[in-house]
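Please read the points below alongside the sequence and the model. They are meant as a colleague's notes.

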Amino acid sequence: IDLGITLNAGDGTVDMTGATLDVMNTTLNAGSLNFELAATAALSTVNGTVNAGSATFDLPGTVADANLTLNAGSVTVCLPAGTPLRVTWNGTLGSNNFASLGLDKLDDQHWMTDGLNAANDPHLELDVSANAGSFTLQLGGSCDA
């Protein structure tokens, strides 16, 4: 199942506990959304755009791809401890916390967890584009912790 969610000028929580999803697509405009996805039965890909809003994505360690764009907004992504990942970052007046998490910086746009062999090891491909936005990655538990 693919899921699409758009929220304009509102607040909400999306709890997909137990759901089996292939792709989740979301657009948030001038609002706030919390995505409780860590307890999904399956989730392969997350695509999200946040415009002048804030979103929190509590993801399972099994998600393979996450593509997030933030424009004058903030996004927090929470992952279980030990989730292997590679991040591609594009930011114009954007901020992230990758260095403080101890991720290995490959160049100005790429970061990854220590010891990851991206060519052979299963991992999360996290692609983030921030235009005047703030991106926070939280490792080691849910967004509620």
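The numbered points below go from the basis of the model to the whole chain and then to single residues.

1. This is a predicted model, in which local features need pLDDT of at least 70 and side-chain atom pairs count only at pLDDT 80 or more, while totals for chains, interfaces and linings use all residues. Residues are numbered from 1 along each chain as its sequence is written, and side-chain values use heavy atoms, with hydrogens and water left out.

2. On secondary structure, the chain has zero helices and 13 strands, so that the pattern read along the sequence is β-β-β-β-β-β-β-β-β-β-β-β-β. The radius of gyration of the chain is 14 Å, close to the 15 Å that the globule rule gives for 145 residues, so the chain is as compact as a globular protein of that length. Helices (H or I, at least four residues) and strands (E, at least two) are DSSP runs, numbered from the N terminus; the radius of gyration is taken over C-alpha atoms, and the globule rule is 2.2 Å times the number of residues to the power 0.38.

3. Taken along the principal axes, the C-alpha atoms of the chain fill a box of roughly 40 × 35 × 25 Å. The accessible surface of the chain comes to about 6600 Å², and 48% of this belongs to carbon and sulfur atoms; such areas come from the Shrake-Rupley method with a 1.4 Å probe, and for residues only the protein chains shown count as cover. Of the 145 residues, 39% count as buried, where buried means under 20% relative accessible area, exposed over 50%, and partly exposed in between (1.4 Å probe, protein chains only). Among contacts in the chain with a separation of 6 or more, 41% are between residues 24 or more positions apart, a contact being heavy atoms within 4.5 Å.

4. How many disulfides does the count come to? The count comes to one disulfide, a disulfide being a pair of cysteine sulfur atoms within 2.5 Å, and this one joins cysteine 78 to cysteine 143 with an S to S distance of 2.0 Å. Cysteine 78 lies in strand E8 (residues 74–79) and cysteine 143 in the segment after strand E13 (134–139), so the pair ties together parts that are 65 residues apart in sequence. The link of cysteine 78 and cysteine 143 is right-handed, with 115 degrees about the S-S bond. Cysteine 78 is buried at a relative accessible area of 0%, whereas cysteine 143 counts as partly exposed at 22%.

5. Threonine 56, in strand E6 (residues 54–58), counts as buried because its relative accessibility is 19%. Leaving aside neighbours within four places in sequence, threonine 56 is in contact with Leu33, Asn34, Phe35, Thr76 and Cys143. The side chains of threonine 56 and asparagine 34 are also joined by a polar contact of 3.3 Å, that is, a pair of N or O atoms within 3.5 Å, of which, within protein, one must be able to donate a hydrogen and the other to accept it, and for which residues adjacent in sequence count only if both atoms are side-chain atoms.

6. Threonine 40 lies in the loop between strand E4 (32–36) and E5, and is buried, with a relative accessible area of 10%. The side chain of threonine 40 reaches the backbone oxygen of leucine 37 at 3.1 Å, and, not counting residues up to four places away in sequence, threonine 40 touches Met16, Gly18, Ala19 and Pro60.

7. Two backbone angles deserve a look. Most residues other than glycine have a negative phi. Alanine 52, in the loop between strand E5 (45–51) and E6, has a positive phi of about 50 degrees; this residue is partly exposed at 47%, and, leaving aside neighbours within four places in sequence, touches Ala30, Gly31, Asn71, Ala72 and Gly73. Leucine 93, in the loop between strand E9 (85–92) and strand E10 (104–105), has a positive phi near 55 degrees and is exposed, with a relative accessible area of 76%.

8. The structure holds five aromatic pairs, and ring pairs link Trp89, Phe98, Trp111 and Phe135 into a cluster. Rings of Phe, Tyr and Trp (its six-membered ring) pair if their centres lie within 6.5 Å, with planes under 30 degrees apart counted as stacked, over 60 as edge-to-face and the rest as tilted.
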